[in-house]
Amino acid sequence: MDSWVIAMMLGASLILGGVALIAFLWGIKSGQFDDKEKFLNAALYDDETELNDAAEQERKKKTLQEKNYRPE
Amino acid sequence: MIEDDGHYFCCNGCQGVFHLLNESGLERFYEKTAHTKLSPPTLQHDDSAHFDSPAFYERYVITNDEGFQEVSLIIEGIHCAACVWLNEKALHQMDGVIEAHINYTNNKARIIWADHTVKLSVIIEKIRAIGYNAFPYDPSAQELSANRKRKDYYLRMAVATFASMNIMWVAVAQYAGYFTGITQDVKTILNVAEWVLATPVLFYSGWVFFKGAYYGIKNRVVNMDILVATGALLTYMYSIYITLNEEGEAYFDSVAMIITFVLFGKFLEVLSKKNAADTLDIMSKHIPSEVSVIEDAQVVSVNVNEVKAGSVILLKAGEKIALDGVVLEGEGSIDESSLTGESEPIYKRSGDTLVSGTTSIDAVLQYRCSKDFAHSTLSSLVALLENSMRKKPRIEQMANRLSEHFSTTILLLSLLTFLVWWFWPHDFETSFIVGISVIIIACPCALALATPVATLVGLGLGARRGILFKEAAQLETMAQATVLVLDKTGTITKGTPEVVHVTVLKPFDEALLFSLVSSSNHPIAEGIARYLSLTAVQSLDDVEQRHAQGICARSGGKKVLGGNARLMQAHGIEVSVESQHSLFYFAVDGVLYAVFELRDVPKDDSAHAIAAIRRQGIDVVMLTGDHEGSARHIAREVGIDKVHFLLTPEAKAAYIQQRQESGDRVIMAGDGVNDILALANADIGIAMGSGSDIAIDVSDVVLLNDTLESLSEAIMISKSTFSLIKQNLGISLLYNAITIPLAMAGYIIPLIAAISMSLSSLLVVGNSMRVRWSIIK
């Protein structure tokens, strides 16, 4: 009986830890830690305008991409 | 101060930038600058058309899979996070720019754009319009792969550290159970948890060892990776067997710990590897991309790559010479210090040759280009440089040589132990465990950590004293050096002429002389100004700079002259001309007042440091492009008896190669472009921090405070680091010599195995710390 408690606790904490690890790995892979100065100044780049800007860039990329594939 | 609608600007440039930002809705830039003081925007260039040329595209621009163009730029003028923000935003607002990513730490930018919508020249003009400058660089394959490797190691380290730390908690429960009793089902649960944690460590983080082992076997070399890989894998499989059998002790914790520790050592090595330099791009930055060619009596700008030999080129004052050639018309002083190291400018007139890479100080002349850009002195120097960087000799690290024997011995001992136990009537299982325990106990952690930890201590000590080693392995190489080759100008000497003797014929007004010499930027005049070190400047009339003679001016009706013997003779003043140094005469109204003797003097600590280096058993040689007289003079002053003079950059490199062939390990210290070949060829190249960017790039060690004293310290640090490495290796071998017999005899219990693992590593780290403290004292 008690051993199942241990098993459950171990399993739960390993899964939680694993999720955090995967998030960290994703962060490294997507280059979020590449520039340590920028990373430290992240608070300056974290408001609505930044989000809008990112969305705008996405949109621009899409339209330009369509233009790229248009037959000449 | 300019006032504009309640805002104040220091200059029109800043005002222009402010309005430009307002128009683009980027005025929030000023909120983000916080307390950073901005400097006014720099001069505008007119070379942007060059960025759209096919030649440029071929070299720097990549077309990616999605059909967009990509370029890597270095942005100049970034000094705060707001600058990064501003550049990114300004570029994002442009039509056709898809991505602009600027790295704040190294100021490198990657820009992706659609070429049919916007041209690169427009993008670069935008960057310049907001007050920054951009120049392209070629992200070499080497640099990219080094970065990728580093990131890969980060990932593996993250997984290994996470798993090992968690395994440790589980292991605490295991060991507690081992001593106080534990039911088998709880033990199995703990074992399974460890199994889950150890698996990614072994197969993901430990993959580098399997790969290393594979290459080792392929090349028939027994390396450390084979030992680590077999040890970890065997232990892992054995532990799975124990877990499933529900009997005995599992060693998943040892598996994770071995991999993590050794990976940590490898990671330190990867971190301290030198980044491939962007040498050539920095070099090409200093070369004008366009020159003014005279064609049919008209001046046209032509890209340097398109200029053919035989073209007539117009050279303006202050311009860098891009191509080799012969002067046709005009005259003036040329600064050749970048190639010869010679600080005094050389006066050139019709018929003299010009060398690419040198700079015109005040010369305005026309010259006929004798070679095209690819064959000019500077380009061929770059080609030679690339070649020698590739061929640079590398001394194999001591730990690597040692680990080969170590690994072979351990694997053989383990096999032997297994066989002896098996034939000495024991069952297969017991013999197998004892055999494996030899491998586990001979944990190569300490061996793998011995070098990285020691070099880390050395690197830290150097950094404190302004000595930057670019790669950890260089400490070991440097410790084994037998010859130190020194450049004269700028390395042993100060590199600028100083007043060494003054003959005052009649008392004179020092302020007048100071005003006169302040009007010129000739090194001699600057040397005199430094000597006088006044601040007040009188106003002079009719200041005239005479090429290769001196300065003439008027002050309150008096004619003031300052210059060399030729100037004096031209004005009818008789002077004696005999001296081995440069002479500067000062005369007012035809009467000579004072004579200054100037020469390049050694740095204050040169003689002392050279003596200290010689005491360490290193042969000191001086190489210079200068003539014999001044070379011997300086050498005598600082106590060097081996001098080679009148050497070209190639000859310096050849001398180093010749010494290497006769079995010496050579350190070369220099500062100028004329030394880069030699720096790249030497086992260790040391650059002065004030030296040219290229010299810093090709060298392995940089001395930030420019003194030979720190060069001698660098050698001392490398020697003590090397002895520390030897000590550390000794400790780990001694440790193994004690524990391996115990393991072979079968006395190793799980707890001892686990403790021995950390203890040997702790000993190595502790010893390194001890040395660190003793050196600091």
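In S4(B), B:Gln69 is the bridge partner of B:Thr63. The model is predicted: local features need pLDDT of at least 70, side-chain atom pairs count only at pLDDT 80 or more, and totals for chains, interfaces and linings use all residues. Residues are numbered from 1 along each chain as its sequence is written, and chains are lettered from A in the order in which they are written.

Strands (E, at least two residues) are DSSP runs, as are helices (H or I, at least four), numbered from the N terminus. Two strands pair if DSSP finds at least two bridges between them.

| Strand joined to S4(B) | Bridges | Direction |
|---|---|---|
| S3(B), residues 62-63 | two | antiparallel |
| S6(B), residues 108-113 | six | antiparallel |
| S7(B), residues 133-136 | four | antiparallel |

S3(B) and S4(B) form a hairpin with five residues between them. In its turn, B:Gly67 has a positive phi of about 85 degrees. B:Gln69 also stands opposite B:Trp113 in S6(B). B:Ile75 stands opposite B:Ala134 in S7(B).

Side chains alternate along S4(B). B:Gln69, B:Val71, B:Leu73 and B:Ile75 point to one face and are buried (20 or more other C-beta atoms, placed from the backbone, within 10 Å of the residue's own).

Methods:
A residue is buried if 20 or more other C-beta atoms lie within 10 Å of its own, exposed if 12 or fewer, and partly exposed in between; C-beta atoms are placed from the backbone.
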